[in-house]
Amino acid sequence: MNLLVLMYHRAQAGPHGNDPALLEAHFAHVARHYPCVRPGQPLASGRLNVCLSFDDAYFDFHRVVFPLLEKYSLPAMLAVAPGLCSEATGVAPEIRLVQPDLGLQTPECTYGLCTWPELRELAGSGRVTIAAHGLNHVRLDDPAADLEQEIVGPQRLLAERLGVTVENFVFPYGRFSSRALALTRRHYRHAFRIGQAGNRDWSQPLLYRVSADNLADAAAPFAVTRLQAYRIRAWWNRLRRK
Ligand SMILES: [Zn+2]
């Protein structure tokens, strides 16, 4: 296992996030101890390489996480469901920061997510790799899901609106059917799921991520027992050709 992809959501304490002070201590730990890579970037040999991935593009990524990435010179991947993004919001930043998680939002109520101008700023920074996260953040193991729209659609839309090439796809809720996976592989270089496992390298067609929300402490994902569990799971996945 040479590559550990960490998955985050919010920059606020709770089951789907971390308090900003803890997140900062965690980033400082990563910057001090591990090579931090963006998707597809060559890995440092003989080291555990770390990739940071944030899902859903909550406003707190722009307001809290991005300045911390700049401070510690860390790259990150941001998974965006562009069908939910708006051009502008009249809502105050303090309200946007405490908007409930994506699963609780209605389409009229997406002010807790980054707007297009905010995404453009992030994409243009050179520090944030924009990934597609479905068009409307629906489950892609649902037989009713329009796979062409949800998988190919966001790649086109993000490229058009942000001027970036989108090579990475993050499955919403980590769920997908074999048809969804096949279509994703045709259009993207890397596909990401959850699965609490490490990875050998970027050549894996389906990359595993481990949750780094609700951390017990700054170094929690790197505890010896945790890394051992991620290694065993990576080995088992290889054996199953998963
Ligand atoms: Zn998501």
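**Questions about a predicted fold**

Me: Which residue in S7 is the bridge partner of glycine 195?
Reply: S6 and S7 (residues 206–211) run parallel and are joined by three bridges; two strands count as paired when DSSP finds at least two bridges between them. Strands here are DSSP runs of E with at least two residues, helices are runs of H or I with at least four, and both are numbered from the N terminus. In S7, glycine 195 has as its bridge partner arginine 209.

Me: Before we go on, what kind of model is this, and where does residue numbering start?
Reply: It's a predicted model, where local features need pLDDT of at least 70 and side-chain atom pairs count only at pLDDT 80 or more, while totals for chains, interfaces and linings use all residues. Residues in each chain are numbered along the sequence as written, starting from 1.

Me: Which residue in S2 is the bridge partner of methionine 7?
Reply: S1 (residues 3–8) runs parallel to S2, and six bridges join the two. One of the S2 residues, the partner of methionine 7, is serine 53.

Me: Which helix does the chain pass through on its way from S1 to S2?
Reply: The crossover from S1 to S2 is a right-handed β-α-β one, and the helix in it is H1.

Me: How many of the seven residues of S2 are buried?
Reply: Buried means 20 or more other C-beta atoms within 10 Å of a residue's own, exposed means 12 or fewer, and partly exposed is in between, with C-beta atoms placed from the backbone. In a regular strand, side chains alternate between the two faces of the sheet. Asn49, Cys51, Ser53 and Asp55 point one way from S2, Val50, Leu52 and Phe54 point the other way, and all are buried. S2 is therefore largely enclosed by the rest of the structure, its buried residues numbering seven of the seven.

Me: How far apart are the C-alpha atoms of valine 50 and leucine 6?
Reply: Valine 50 lies in S2 (residues 49–55) and is buried, with 20 other C-beta atoms within 10 Å. Leaving out residues up to four places away in sequence, it touches Leu4, Leu6, Val30, Tyr34 and Cys36, where a contact is two C-beta atoms, placed from the backbone, within 7 Å. Valine 50 and leucine 6 are 44 residues apart along the chain, yet their C-alpha atoms are separated by 7.3 Å.

Me: Within what arc do the buried residues of H1 fall?
Reply: In H1, Leu23, His26, Phe27 and Val30 are buried, and their cover includes S2 and H2 (59–71). The face turned away carries the exposed residues Ala21 and Arg32. The arc uses the directions from the helix axis to the C-beta atoms. Seen down that axis, the buried residues of H1 line one face of the helix, because they fall within an arc of 100°.

Me: Where is serine 73, whose phi is positive?
Reply: Most residues other than glycine have a negative phi. Serine 73 has a phi near 50°, and with 10 C-beta neighbours inside 10 Å it counts as exposed. Its place is in the loop between H2 and S3.

Me: And where is tyrosine 173?
Reply: Tyrosine 173 has a positive phi too, near 60°. This residue is partly exposed, with 16 other C-beta atoms within 10 Å. You'll find tyrosine 173 in the loop between S5 and H6.

Key:
A crossover is right-handed if, with the strands pointing away from the viewer, the path from the first strand over the helix to the second runs clockwise.
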